[in-house]
Amino acid sequence: MNNKELYASNPLTGVKLEQVVIELVDQYGWEILHAYLQLNCLKTNPSIESTVKFLKKTVWAQEKVENFYLYRLKNLPKPDDVQYELPPRDRIIPEGQVPGTPCELSFTDAKRIQEKKAAKDRARTRKQRSTPQNPWGN
């Protein structure tokens with residue numbers, strides 16, 4: 001199998017960033033996208049052009065949106081650890097995995113996910129502050 005055949009199964013292959021944003025906005029709307037992704041470009045005077053401009057300049061945000069596209073809109077199964085380390089456009093989707101119906105999203109679920117992320121961040125910060133002399137990180 002050559003490279004073209006390997007990457008052909010990735011729904012992002014041949015799709016421009018602008019088209020990704022348009023599909024996400026058409027399916028979910030700006031408010032839900034901001035609730036899940038927490039990007040200010042989706043909240044303050046959002047437009048396709050300004051969002052695409054920001055995403056092209058900000059690699060981490062572009063990867064966040066492309067992940068959302070693959071695993072929420074296209075509803076693909078989560079990748080293994082090796083594939084997850086790659087940027088979304090470089091991931092190889094295994095044979096037989098085809099895009100499904102878009103996930104149902106809600107503001108309640110978005111809030112729950114944000115709270116879970118915040119708890120993980122607090123735990124990570126606590127762990128980083130702890131030392132052998134101060135195991136509680138106070």
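Leaving aside neighbours within four places in sequence, Q83 touches D90, R91 and I92, where contact means heavy atoms within 4.5 Å. Its side chain gets to the backbone nitrogen of I92 at 2.7 Å. Q83 sits in helix α6 (residues 81–84), helices being DSSP runs (H or I, at least four residues) numbered from the N terminus. Q83 is also buried, with a relative accessible area of 16%; buried means under 20% with a 1.4 Å probe, protein chains only.

A quick note on the model: it is predicted, so local features need pLDDT of at least 70 and side-chain atom pairs pLDDT 80 or more, while totals for chains, interfaces and linings use all residues. Residues are numbered from 1 along each chain as its sequence is written, and side-chain values use heavy atoms, without hydrogens and water.

Next, the helix pair. α4 and helix α5 (residues 59–73) pack at about 115°, their axes 5 Å apart; axes are lines fitted to C-alpha atoms over the stretch in contact, and angles run from 0 to 180 degrees between N-to-C directions. On the α4 side are F54, L55, K56 and K57, and they meet V59, A61, Q62 and V65 in α5.

Then there's the cavity, a set of points on a 1 Å grid over the protein atoms alone where a 1.4 Å probe fits but cannot get out. V21, L24, L33, L37, L42, T51, L55 and V65 line the largest cavity, lining residues having an atom within 4 Å of a point.

Here is the make-up by class (Ala, Val, Leu, Ile, Met, Phe, Trp, Tyr, Cys and Pro are nonpolar; Asp, Glu, Lys and Arg charged; the others, Gly among them, polar):

| Site | Residues by class |
|---|---|
| Lining of the largest cavity | 7 nonpolar, 1 polar, no charged residues |
| Contact of α4 with α5 | 5 nonpolar, 1 polar, 2 charged residues |

How values were computed: On a 1 Å grid over the protein atoms alone, a cavity is a set of points where a 1.4 Å probe fits but cannot get out, and a pocket is an open set with protein on both sides within 12 Å along at least five of seven lines; lining residues have an atom within 4 Å of a point. Helices (H or I, at least four residues) and strands (E, at least two) are DSSP runs, numbered from the N terminus. Buried means under 20% relative accessible area, exposed over 50%, partly exposed in between (1.4 Å probe, protein chains only). A polar contact is a pair of N or O atoms within 3.5 Å; within protein, one must be able to donate a hydrogen and the other to accept it, and residues adjacent in sequence count only if both atoms are side-chain atoms.
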